[in-house]
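Please keep the sequence and the structure in view while reading.

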Amino acid sequence: MKFLKTVHDSEVLIDKVNYLHSLIYKSDTNVLKSIGTIFSEEEKGWLIERLGLKGQTEFKSATLSAKLEQLILEIRSLQVLTIEVPVPIKVKQVEELSKWWDKNCSTEVLFDFVVNENILAGAVIKKDGKIKDYSLASRLEL
Amino acid sequence: MTDTTLIINSLFLLLFLGWSLVIYWRHKEIIKLEKSLKKNEQGLVNKAFKDSEKLLEGTLEKSEEFLKENEHIVEQIKTDLKRTIQELLKDNLESLKGNSEQSTISYKSFLSKSQDIYTKQLSDAVAEMGVQLRKQSQESRVELDKKLNEEYQKMLTDIEQYRQQKRQEIDTNVEKTVSEIVKKVLPQSLSDQDHSALIIQALEAAKKDGFIA
């Protein structure tokens, strides 16, 4: 799920999956066609592959429902890396940080950016209940 | 020198300048406060001394007045005593007419001696009272000086404590203000690129520490 970079991204994806799930038992809706309108190209490719729908025109509602629920659980179980930052982070910066992560780290994480103006600059990193303070405020003992 | 190092150095320089300004400002505040305290302190000391001097002078004046009044009363008593004795003598002379001349002279002598004894006792008592009063005034003055000195020392201690407290308050306020200013200004003065570079530097440090992999 390389296209998922932040906790926010994962929440949006879960909403979309839930919406798709709600369409399964509606007789007047073509679920497979809906995938193309609900998800982005990147998400669509990943979803079709994970649901085993490549080249398929039909599916079993119960099987699809179970697979979607499983996907939601998988998304929810992704490891979260909380990063406290002094100012709100922009999309371009998220891309930049993700690139660095993909290049330098082997694990898959979701960034959760939390604004804390007290840290001045740098970042405070939290993972699995542990905290590492690499902020300017801590270096200046403010 | 890398961009990140340059940013960090710039931040430190900015903070150093900020702190220098704050220290200068704090120094000015302390000098102003000390001047004001010194002025108040001098005023208070002068007032205390003036008040005590006034009090002492008043006490001494009252003592002198009291002694003068006593002297006047003594004179009055002496005159009254003399007159009473003379009246007593005059009244008794009539009844002594039948007695011998010797008895009359003895009686006159007795009255005269009695007058002298009473007058002397009275004068001695008044003189003793004056001595005691002056002694007490002197003791009061010494006691007052001692108390005044104690109060002055206490006042100096209080002023020093107040000064320390004010310095502490200024320090706390300055630190709080600087901290607030830095917190508001610094994050905004850095570009997105600077922030990203510093966050990446934090991630690199976390990786080096084995916190992330």
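Chain A has a secondary structure of 6 helices and 4 strands, whereas the secondary structure of chain B comes to 3 helices and 0 strands. The model is predicted, and side-chain atom pairs are counted only at pLDDT 80 or more, while totals for chains and interfaces use all residues. Between the two chains, an area of about 2,800 Å² is buried.

**Chain A**

- Chain A has 142 residues, of which 43% count as buried.
- Among the contacts in chain A with a separation of 6 or more, 64% are accounted for by residues 24 or more positions apart.
- The accessible surface of chain A is about 8,200 Å², and carbon and sulfur atoms hold 49% of that surface.

**Chain B**

- Read along the sequence, chain B has the pattern α-α-α, and of its 213 residues 24% count as buried.
- When contacts in chain B between residues at least 6 apart in sequence are considered, 82% of them join residues at least 24 apart.
- For chain B the accessible surface comes to about 15,600 Å², with 56% belonging to carbon and sulfur atoms.

**The interface between the chains**

- In terms of residues, 28 from chain B are in contact with 33 from chain A.
- As a general point, the size of an interface is often given as the accessible area lost when the parts come together.
- Of the area of about 2,800 Å² buried between chain B and chain A, carbon and sulfur atoms give 73%.
- On the side of chain B, the residues that lose the most area to chain A are Ile199(B), Leu203(B) and Phe211(B), which together make up 24% of what that side buries.
- The rule finds 7 residue pairs in polar contact across the interface of chain B and chain A, with both residues at pLDDT 80 or more.
- The elements of chain B that give two or more residues to the side touching chain A are helix 1 (3-96), helix 2 (101-189) and helix 3 (192-208).
- Helix 3 of chain B provides the largest share of that side, namely 13 residues.
- By residue class, the side of chain B that touches chain A divides into 19 nonpolar, 4 polar and 5 charged residues.
- Across this interface the rule finds 1 salt bridge; Asp192(B) forms a salt bridge with Lys90(A), and the closest N and O atoms of that pair are 2.8 Å apart.

**Salt bridges within the chains**

- A search of the whole structure, taken over all chains, finds 9 salt bridges.
- In chain A, Glu43(A) forms a salt bridge with Lys16(A), with the closest N and O atoms 2.9 Å apart.
- That pair links distant parts of the chain, with Glu43(A) in helix 3 (residues 41-51) of chain A and Lys16(A) in helix 1 (residues 7-23) of chain A, 27 residues apart.
- Glu43(A) counts as buried because its relative accessible area is 10%, and the cut-off for buried is under 20%.
- In chain B, the side chains of Glu169(B) and Lys166(B) meet in a salt bridge at 3.3 Å, N to O.
- Because Glu169(B) and Lys166(B) are 3 residues apart in helix 2 of chain B, about one helical turn separates them.
- Both members of this pair count as partly exposed, Glu169(B) at 33% relative accessibility and Lys166(B) with a relative accessible area of 23%.

**The surroundings of Arg163(B)**

- Arg163(B) lies in helix 2 of chain B and forms a salt bridge with Glu160(B), the closest N and O atoms being 3.4 Å apart.
- Glu160(B) and Arg163(B) are separated by about one helical turn, because they are 3 residues apart in helix 2 of chain B.
- The two partners fall into separate accessibility classes: Arg163(B) is buried, at 17% relative accessibility, whereas Glu160(B), at 35%, counts as partly exposed.
- Leaving aside residues up to four places away in sequence, Arg163(B) touches Glu34(B), Leu37(B) and Glu41(B).

Methods:
Residues are numbered from 1 along each chain as its sequence is written. Chains are lettered from A and ligands numbered from 1 in the order in which they are written. This is a predicted model: local features need pLDDT of at least 70, side-chain atom pairs count only at pLDDT 80 or more; totals for chains, interfaces and linings use all residues. Side-chain values use heavy atoms; hydrogens and water are left out. Contact means heavy atoms within 4.5 Å. Buried area is the accessible area (1.4 Å probe) that two parts lose on being put together, summed over both. A salt bridge is a side-chain nitrogen of Lys or Arg within 4 Å of a carboxyl oxygen of Asp or Glu. A polar contact is a pair of N or O atoms within 3.5 Å; within protein, one must be able to donate a hydrogen and the other to accept it, and residues adjacent in sequence count only if both atoms are side-chain atoms. Ala, Val, Leu, Ile, Met, Phe, Trp, Tyr, Cys and Pro count as nonpolar, Asp, Glu, Lys and Arg as charged, and the others, Gly among them, as polar. Buried means under 20% relative accessible area, exposed over 50%, partly exposed in between (1.4 Å probe, protein chains only). Accessible areas come from the Shrake-Rupley method with a 1.4 Å probe; for residues, only the protein chains shown count as cover.
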